[in-house]
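Open the model in your viewer and keep the sequence panel at hand. The stops below are meant to be selected in order.

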Amino acid sequence: EQYQALTPADIEAAIKKYYLPKNRVIFYGVPLGEKSKIQESGEEIVKTDITKIELPQNTTLLHKQNTQAPIIDGALFIPVSAKYETIDNVGLIDFMATLMLKGGSPKYKAIDLSSWLEGHAATLYPLSGNEGTTIYFKCIKDDLPTMIDMITDLMNNPVFDENELVLMKKYQEASFQRSISDPETAHTDFRNSVLYPNQKSGISEAQKNDIIQNITRDDLITLHKNYFNADRAIITLIGDITLDEAKEKAILLRNKIPNKSIKGELTSLVVPDTVAEYINEYQFEPCNVNINYKAPDRNSPDFYTMKVIELLLGYSGKRLHKATRQDDNLAYFAYAQYVGDSDYGFFRLISQTSAPNKDRLLTVLKSEIERLKNGDVTQEDIDAAVSSYESQIKSYFTDDKLASTITHYESTGQGYNFMLDSVNDMMKITPEMIKEAANKYFAKGITIISLPSEDVELKLE
């Protein structure tokens, strides 16, 4: 009750009273021997814009200097894509890449590797997706040569340590067991099974877990041999490093990783384009509701129009939120998701409610789509949505988040500055373009509902 009684004026008064410079204490935890480098030296801080340079061996370097701290934030992208996975080994590329970096090499034993990373306040981890695999790393400038040698040696000579493999399997099993009690996981499994039968994306979490639990060290060695090659690369170095130093390190890194084609066949998602409704009864109280539409890929002229539609329907404060939460307390949440991949796209409305509100929620969701199809959008609506988006994305362009952001968009072919550049393209979208795209892509939709079975005791009516 005391929290509910608080007003904005109370918060402002407390900030003015207590958040004063004289009350401020700043703590830095740094590796032993590095204190003097973190403290201000009196030298002028150098900050440059992002530079993109093409290097030999089909390699792109993205660089930005910032001498505020002796830290390097980096990324190495190679085209080891999850699209190479088959229906029998879904999820194994990311699993393999993680164990490759955790499991050590003859030179860097697994236990020594984790100790070094912890002792030097460094991070090293991979992330695999449809575009490829990116290895992210962060370290003090003096440790960069060791970090590069470590990455390249782990990539070229992984041992896939049996003990680390057992630990990763246990971690995966624990994660899966936790997901069993999650209604959204159960709903996602059902949704994917009806949208993508006989495709990789239709595989359930239980099946993915079984694949990982049954993998052997020899299987991982074979997968690594076939997949972990790089006929192109993106290397990102941000922090206390000059452009010339970055070029030197990037070339060194590129020369030490394979420059071969990947042995495998890319397979893409096939998104259905039809009208259907699927209902799933499960042992959870929340009712999950999705409406799925086939949408253009990111190479389509309609890509930016669909991005604006996503912004209009959006998250908190946007049309779906207003219709389902503010105007009528109808849903726990409601938002829109547009995915435009290189060769497929889908647009999805995602919401959750109680079972008694299911039908009313569906009516409201569909009515918001009809508003778009009927042209109920003004230029002011578009400008406001894009301006709000522009404000949000600026938070991604701080140097501590920059490496992952610019590497990702450079890897998609959209360009490292895509997020900022896209604002200009979205500002060109008109209400007429919204109406045309809505009628083109929202003519057919697949409704997918997971609702509690009759034996589930409902706590909310």
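Select helix α11 (residues 243–255) and then the elements its buried residues pack against: β1 (51–55), β2 (59–65), β3 (71–78), α6 and β6 (233–239). Packing here is contact, meaning heavy atoms within 4.5 Å. Helices (H or I, at least four residues) and strands (E, at least two) are DSSP runs, numbered from the N terminus.

This is a predicted model, in which local features need pLDDT of at least 70 and side-chain atom pairs count only at pLDDT 80 or more, while totals for chains, interfaces and linings use all residues. Residues are numbered from 1 along each chain as its sequence is written, and side-chain values use heavy atoms, with hydrogens and water left out.

Next, show the side chains of Ala246, Lys249, Ala250, Leu253 and Arg254, which are buried in α11. They lie on the same side of α11 because they cover an arc of only 135 degrees around the axis, taken from the directions from the helix axis to the C-beta atoms. Turn to the other side of α11 for Asp244, Glu248 and Asn255, which are exposed. Buried means under 20% relative accessible area, exposed over 50%, partly exposed in between (1.4 Å probe, protein chains only).

Move to helix α10 (residues 217–227), where Leu220, Leu223, His224 and Tyr227 are buried. Their arc around the axis is only 100 degrees, so they sit on the same side of α10. Asp218 and Lys225 are exposed on the other side.

Definitions and conventions
The expected span of a helix is 1.5 Å times one less than its number of residues.
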